[in-house]
Amino acid sequence: MYIPKIYRSEDTELMKEIISENGFALLISDQEKLAATHSMFLMIESDGEFYLETHISKGNLQAKVLKDGDEVLCDFLGAHSYISSSWYDHKNVSTWNYEAVQIRGKIKLMTDEELYEHLRKLTFKYEKVQKCPMLVENMGDEYVRKEMRGAFGFNIFPTEIHIASKLSQNRDEVNNERIISSLKETHHADSIKIAEKMKENLEITKQNI
């Protein structure tokens with residue numbers, strides 16, 4: 001992913017936020033042929049480091065060709081919104097503001113017990129907010145292990161991390177305020193989130209002047 005210097009971020013907390021809130025992301029590989037699968041990811045932290053967990057269907061092409069040590073690319077798209085040039089106080093081009101993370105890494109296939117624990121954690125993350133959570137513990141060991149037969153699980157250990165935070169940093173304060181105001185008027189959740197992020201950036205910039 002090409003990220004102009006002005007939009008590059010080293011903020012690991014932002015990376016964690018994007019991955020946590022957008023865990024249904026793209027798993028990309030090029031073994032035998034280029035392939036991409038939307039997969040559910042978990043980020044696991046340990047001793048100041050982290051790795052990713054995911055699983056796909058065993059019927060998937062990637063499950064048939066991926067093996068220990070293979071390289072994959074994981075693409076997480078955070079909040080994003082169209083930015084109309086009509087919002088500026090001058091002639092310019094329209095663009096898109098967004099936050100994203102790309103992680104390139106080496107895979108290690110899960111054992112059955114690791115896959116079981118992965119599914120338990122993944123289910124808990126999304127079920128805990130439900131009115132009547134259906135956790136792995138509620139399903140029964142025999143049922144879960146039967147369903148696991150169709151899953152191909154693996155960990156991804158990062159070799160490259162790229163964080164993009166494109167929030168109109170190339171615009172002056174007046175135009176940032178105009179963009180923020182227009183984004184809020186869209187009433188679109190992602191647009192409003194981008195507006196809030198831009199506002200935070202503006203306030204930080206003012207404090208540092």
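## Exercises on a predicted model

Asp112, Glu113, Leu115, Tyr116 and Leu119 of helix α3 are in contact (heavy atoms within 4.5 Å) with Asp141, Val144, Arg145 and Met148 of helix α5. This is a predicted model, in which local features need pLDDT of at least 70, side-chain atom pairs count only at pLDDT 80 or more, and totals for chains, interfaces and linings use all residues. Residues are numbered from 1 along each chain as its sequence is written, and side-chain values use heavy atoms, with hydrogens and water left out.

**Exercise 1.** Describe how α3 and α5 cross, and sort the residues of their contact.

*Solution.* Start with the general idea: two packed helices are described by the angle between their axes and the distance between the axes.

- Step 1: Find the helices, which are DSSP runs of H or I with at least four residues, numbered from the N terminus (strands are runs of E with at least two). Helix α3 covers residues 112–127 and α5 covers residues 141–148.
- Step 2: Take the axes, lines fitted to C-alpha atoms over the stretch in contact, with angles from 0 to 180 degrees between N-to-C directions. They come within 11 Å and cross at roughly 110°.
- Step 3: Name the arrangement. Angles of 65 to 115 degrees count as roughly perpendicular, so α3 and α5 are roughly perpendicular to each other.
- Step 4: Sort the residues of the contact into nonpolar (Ala, Val, Leu, Ile, Met, Phe, Trp, Tyr, Cys and Pro), charged (Asp, Glu, Lys and Arg) and polar (the others, Gly among them). Five are nonpolar, none is polar and four are charged.

**Exercise 2.** Is glycine 59 buried or exposed?

*Solution.* Let's locate the residue, then apply the cut-offs.

- Step 1: Glycine 59 sits in the loop between β4 (49–57) and α2 (61–65).
- Step 2: Buried means under 20% relative accessible area, exposed over 50%, and partly exposed in between (1.4 Å probe, protein chains only). Glycine 59 has 56% relative accessibility and therefore counts as exposed.

**Exercise 3.** Which residues have the most contacts inside the largest nonpolar core?

*Solution.* A nonpolar core is a set of buried Ala, Val, Leu, Ile, Met, Phe, Trp, Tyr and Cys residues joined through side-chain atoms within 4.5 Å.

- Step 1: The largest core has 23 residues, and Leu52, Phe76 and Ile156 have the most contacts inside it.
- Step 2: Elements giving two or more residues to this core include α1 (12–21), β2 (24–29) and β7 (151–166).
- Step 3: Look around isoleucine 156: leaving out residues up to four places away in sequence, its neighbours in contact include Leu27, Phe41 and Leu52.
- Step 4: Apart from this core lies another, of 12 residues, among them Ile83, Tyr88, Ile179 and Ala195.

Technical notes: Parallel < 35°, antiparallel > 145°, perpendicular 65-115°, else oblique.
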